[in-house]
Each structure stands twice: as structure tokens, then as C-alpha cells.
Amino acid sequence: MKKQYWTEYESKVADDHYYYERSCIRQSFFTGSEEVFINIVRDLLGKDIADDMNLHTCSGIGYYSGVVPLDTTMTVVARLFALMTEAGYKNFVPSCITSFGLVNEVVDMWHHFPEKLEQIRGYLKEANGKEFDVPENIAHPCDIIYKYRKELKEKMKYSLTNVHTGKPLKVVEHIGCHYAKIFPRQVKGGAEFPQVLVGMIQEWGGEVVDYPERRHCCGFGFSQYMVLANRGYSAANSKKKLESMQPFKPDFILANCPGCTMFMDRWQYTIAETEGITYGENGMGIPVLTYEELAAILLGYNPWDVGLQTHQVQVEPLLDKMGIKYDPKDKYVGKSGAFLGEPEKPTHLKVKAYE
Amino acid sequence: MNKADVVVIGGGPAGIEAAYNLARDNHKVVLVEKEKEIFGHMQTAYTLFPNFQDASEIRSSLLQKTKHGNITLYNNSEVTQVSRENDFWRVQTINGLDFIAPAVLLASGFKTFDARYKEELGYGIYKGVITSVEFEEMLKVGKIQTANGEKPRRIAFLNCVGSRDEKVGNHYCSRVCCINAVKLSIEAKKQLPEVEAYCFYMDIRMSGQFYEELYRKSQEDFDVNYIRGRISEVAPTIDNRLQVKCEDTLSQTPLKMTVDLLVLMIGIEASEGTARIGEQVGVNGEYNFSKSISLHTADNKTKHQGFFLAGTCKRPLTVPETMADARAAALEIDLYLKSLSQ
């Protein structure tokens, strides 16, 4: 067999000293993912990672939805780079896939049009007096987890194995468009055979599901969802994916983009409510995890500290398969220890019933 | 250093045909072939379009021609260096052969496009995705089958893989793939009458004699279906078949189809030898094909005296075109050699 060209596509990931750019939406959708990532990188891997409270939006969703002009977008990105520069870092790590796509696109445009970079430097200076360096390295957090997946495996208490059958768990992986489709040669495996999540799944004992609509859109698609009239199209795309993967009986879906994780999770509720269809076992849905959440529960974090209770499709059946211990009583308890209240149960999408 | 009248580089149809015609004109010809076997890409052919002539007949004919007394054939002799020395050309090979001759004919041919560059088509990932060359080999042994050894129920042929494709840097048309897909689909139906055959295309280019008739015959007599659209994505199904996606641009609708075999009609590119020798001698043209001094009036001559071209080292050509071009090159070389002796 001759070489596969896509195997040459690699992410360049700095070894240490990361400036973490938190996401505006991920903290709302997957409440524990970013905190867990920082803990893993700082405490388990012993790396230096900056968590800056002065961060702000990257404007990527506005840019990719066509409502924020290019110059404004570039200046906002330049301000983020200025914060990185002021903090003394050179390796930019945007939490959100949209940010990752956007900052790479902006830096690439500056590379090809250096006069634009100078213009943006002027805009930022005029606006707030800030100056910035273009990052030496831009890597997504999933690239960092992928890079250190073997080291993390050594620290893991659980693996992607069904403790009842002894067989590997079957995992659907889905990467965000803005991760691999803008600059496919700069991410491991490119756009057609992205390896970043595959590498984690395989290293941690799971089996990747290859199914007909593996490369199909998750359903977000920006204006598919942002424009109210298009939302049916957004749900229809997620439905197409879910229908395609269902016969393979995946144990869960792993994603690296907030949009993908959100919509493949939440639309399962919408589809169940509107059509009475569910895709998991026994009327349950197929759980959808972020890669940080997955790493965290394998490492032995309390699933409720990671924020898994905020997912639409409840994860207890998956945790049971993995042999992960959890206390149902802690599920809706806040950090203060107070009970936060239990959400209403969906009509069709089943959740685990406790005695 | 061994002397010859002409060194012919490449033992495919062009090289052999030219060598034979030169030999008949009493020139001492050295024919060097880099591979163990001669015939070039003709080696793997089953039948030839548009008349379904058995390719083994062509191979027998070519083999017979190499046995002419004025031809000395060297196999396993990849050319490493071609240089001008005084009024002669010096040709050296990887196995230490060293020739000097007043004339050299470059007939180093083409290579097929490496389908792995079109990652979305899954060649090398999914066993049911094969190239037109591999399908021809299946036809040759009379065993069209899936990776599981089963008879396929449905076969799709995809044209323009590596041709007319900006993404891979090949803007040109390889010219032979459309009619070759027609031929392959008919051959598939002859061997497996129950199989469904679909050809996916951008344009159907039936420019040769009897091509249009064959295209029509494939539809009327063999029920081959033609869909105007490029396949954009291939993925496996739960029963190990292949799902292909494209837009049927005539009906303007997205289309999904499950097939057992996807045959990629891979295009023609300049061979590595063509590119390398062309670079050494300075006759490289666009896409690394070799460049003659005049397409219309001196298509076998180059800007260098005594350095000639024949066949698909210049551009994609059919077999009859290649053979005719080789005979034309032999005539040019014959005239050139005679002019030297006068």
C-alpha cells in the first residue's frame, strides 16, 4: 500500500506555555469543559497555561454569519492577540472551533496581505493604544489533548470499554468544519480523515464508527440555525446524521466543536418531541460529549463536576457501561452544595429512572 | 560507451513502434526500458476501445517487432542521465549502460494519477474503491468481484479523477477516460449481465471515430446509465457497501447511491521519467509533459538537434494516436540521420 497523503497532514502544537482563549458559548453549553481542560493541562500535564479574565468574544459567529465586517473582525482578533502579548505568551489556544478557524484565517490573510496587518495594527492602536504580536503557534485544545493522549492514558482510571461485555465502546466522532475544512493540511489527517478525535478514541480503548454520513454537517451551519426560518433545515441535517449512525449502535458521539456538540445533543430532544423518534437504546438518546469531558471522566473526575448533567441526552447509561461511579444525589447540586432543582423530563426522550 | 544510431527511451507502444520503423530503415536502435517487462501501460490492458480488440494481440505484435535484428532491447534499464556531448547524445542508465548516438527518441510515456490525492473518494481506505487500471485487471482474469469476493450488484464509474481538476493542479482533459469508462461499463455488463452500471461524468467527450456510437450502444444495448455530476464523497454502509454522494446536475437534485464497486477513471500525467529527462534536456512543457517545437508542423522535434519525442510523453493520447505519432517520429529521425550522412 502506498502512502496516504492525508497521514502527512499534521497540527503544529507548542510543547508548553499556552495562552487559553475561553469561548463565549462553550461555558454556557458545556459548563465544565474549559475548567477541566485547564486543570488537565496545568495539574496533570504540568504545563503553563494562562487563563485571562480580560478575554472577550472573537466575533467569529458574527463573522461567519456575515454580520460582522472583516476589518472589525480582524481588529477584535488583534485585541485578543494584544492580551496574549501583554501576558507574555506566544502560543494561542482558542477553546472554540470557530475561534480557531477565525484566528487561523485572519493570520493567513495577514500573511498574504501584510499591508492589511499594518492597517489593523493602526486601527487597534487608534482604538485603545494596544500593540500585539502575531502568535508563533495557534493550536486547538483538542490538538493538545491529542498530543498528550498517551501520557493521559497512563493516568486514566477507566477506559473506553464496556465493562459488561469487555468489548470496546463504539464511538462516533465528529470534527467541526472550522477545525479542518479551512486549512485541512494543518490538522492531523486533514478534512476527510481527521485523526484528532480518532486518535483519542483508539488510544483510550474505543472503536471508531465509520458510517455513511460521517462527514455530513452536524446541523449547525451558522445561518442554517441563526436564521429562524432555516432552523428546520438545521434539525433535518442533524436527523440525517443520527439516522445514518443509528444502525451501528454507537455508545456515544465525541465532538470538538461547540456547535456540533450542542446541536447533535439538543436536536435529539427536538426530534423526539416533534416526531417521537429516539436514537439510543431503550428510548434514550445517544450521548454527545466534548473531548475534555471524555478525558475528564476517564481520568476519574466526578461526572457532575464536569457538567455532564447539563447535556440534553443524559449520560448515566454510558457511565454505567464504562463502570464509572457516580452519585445520583449529586447530579443537581451546585458548587455551594445547595440543590438546584431538577429539570422537567422530556416527553419521549427517556432519562434514567432512579428508585 | 556503446554506439548506436538511435537510443529510444521507453519500451511502451510508442517506443517499440518507433524502434521497429527505424530498424526497418536499417538504423541500429537501442531500446531501453526501465521495467522488467516491456509494453508500458499496455501491459495491463484487457481490450482496446472503440473496437474491443484484445490487447494481448497488440502486445504480441509489439513483442514481435522488438525482435527485429537491428533492435537491441535492454530491460530494467532506467535512464538516469541524458546529455549532449559534441554532436552526439549520451544516454546513461541506472544499471551502468552507457550509449552514444546522434539521435535520441524520448518515448517515456505517462503515469496514471494517484487517486489517493482525492481523499474524499476514499481510495486506499475503502476496498470497494478501485482504479480503472485495477478494474481492467479484474476484467482480464474474468473476475469482477467486491473485496469480500462477492459479485457486485451495482458498479459506479467516476470520470475525471485527476483530470480537469484545479484542486490537484491538472486543468487539462486526459481525453481517454470518457470512452474508456464506456468500454469498461460494457465489458462489465458482458461479464455480469445482471450488474447495474452507472457512469458519473462532468461532460461526455466522445471525440474519436465510433466513440459516439459506442456511447449510444452502451445505453441502448447494455443499459448503462449516465449521471451528470461529480461524486463528492464516499462512505461505507453497515453492510460494507459504499454510499456515494453527488449532485445530478441535469435534474438539479442531490443524489445518494449505494454501490458495491466504485471505479475511479484516473487521468494521465507525465511519467516521472518524462518529467526528469525533460528537465535534464530542457524540453519540459506544461504539467511536465515534453514540448515539441511545433504542435502543427514539427510535433516530434524539439529545440535540440537530434532529440525527438513520441507518444504520451507529450500529452494524453489514445493508442492509435500514439502508434501513428511513433511512426511519424521514426520518419523524422530517419530524415535527420540521412541529413547527417550527406
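B:Thr47 touches B:Phe52, B:Gln53, B:Asp54, B:Ala55, B:Lys183 and B:Glu187, leaving aside residues up to four places away in sequence. Touching, or contact, means that C-beta atoms placed from the backbone lie within 7 Å. This is a predicted model: local features need pLDDT of at least 70, side-chain atom pairs count only at pLDDT 80 or more, and totals for chains, interfaces and linings use all residues. Residues are numbered from 1 along each chain as its sequence is written, while chains are lettered from A and ligands numbered from 1 in the order in which they are written.

**B:Thr47**

- B:Thr47 lies in strand β4 (residues 47-48) of chain B. Strands (E, at least two residues) and helices (H or I, at least four) are DSSP runs, numbered from the N terminus.
- B:Thr47 counts as buried because it has 20 C-beta neighbours inside 10 Å. The cut-offs are 20 or more other C-beta atoms within 10 Å for buried, 12 or fewer for exposed, and partly exposed in between, with C-beta atoms placed from the backbone.
- B:Leu331 is 284 residues from B:Thr47 in sequence, and their C-alpha atoms are 29 Å apart in space.

**Chain B: the five-stranded sheet**

- The strand order is β6-β3-β2-β10-β21 in an open, parallel sheet of chain B. Pairing requires at least two DSSP bridges between two strands.
- From one strand to the next, the twist averages 20°. Axes here are lines fitted to C-alpha atoms, for helices over the stretch in contact, and angles run from 0 to 180 degrees between N-to-C directions.
- Strand β10 (residues 103-106) of chain B runs parallel to β21(B), and three bridges join them. B:Leu106 has B:Leu309 as its bridge partner in β21(B).
- Helix α1 (residues 13-24) of chain B packs on this sheet. It touches β2 (6-9), β3 (29-32), β6 and β10 of chain B. Its direction makes about 170° with that of β3(B).

**Chain B: domains**

- Chain B is assigned domain 1 (2-109 + 271-341) and domain 2 (115-268). The bounds come from an automatic or database domain assignment.
- The C-alpha centres of domain 1 and domain 2 of chain B lie 32 Å apart.
- Ten residues from domain 1 of chain B and 19 residues from domain 2 of chain B make up the contact.
- On the side of domain 1 of chain B that touches domain 2 of chain B, six residues are nonpolar, four are polar and none is charged. Nonpolar covers Ala, Val, Leu, Ile, Met, Phe, Trp, Tyr, Cys and Pro; charged covers Asp, Glu, Lys and Arg; the others, Gly among them, are polar.

**Chain A: overall**

- Chain A has 16 helices and eight strands.
- Its radius of gyration is 20 Å, which agrees with the value near 20 Å for a compact globule of 355 residues. The radius is taken over C-alpha atoms, and the globule rule is 2.2 Å times the number of residues to the power 0.38.
- The C-alpha atoms of chain A fill a box of roughly 65 × 60 × 45 Å along the principal axes.
- Of the 355 residues of chain A, 48% count as buried.
- Among contacts in chain A with a separation of 6 or more, 77% are between residues 24 or more positions apart.

**Chain A: sheet and helices**

- Four strands of chain A form an open, parallel sheet in the order β6-β5-β7-β8. Its edge strands are β6 (207-208) and β8 (288-290) of chain A, each pairing on one side only.
- Two bridges join β5 (residues 170-174) of chain A to β6(A). A:Val171 stands opposite A:Val208 in β6(A).
- Helix α14 (residues 291-299) of chain A lies across β7 (252-255) and β8 of chain A, at about 85° to β8(A).
- Helix α10 (residues 196-203) of chain A has six of its eight residues buried, so it is largely enclosed by the rest of the structure. The buried ones are A:Val196, A:Leu197, A:Val198, A:Gly199, A:Met200 and A:Ile201.
- The cover over the buried residues of α10(A) includes α7 (141-147), α8 (149-155), β5, β6, β7 and α14 of chain A.
- A:Gly205 follows α10(A) and has a positive phi, near 100°.

**A:Gly32**

- A:Gly32 sits in the loop between α1 (26-29) and α2 (33-44) of chain A.
- A:Gly32 is buried, with 23 other C-beta atoms within 10 Å.
- A:Gly32 touches A:Glu293, A:Asp305, A:Val306 and A:Gly307, not counting residues up to four places away in sequence.
- A:Gly32 and A:Val306 are 274 residues apart in sequence, yet 4.4 Å apart in space, C-alpha to C-alpha.

Methods
Contact = placed C-beta atoms within 7 Å.
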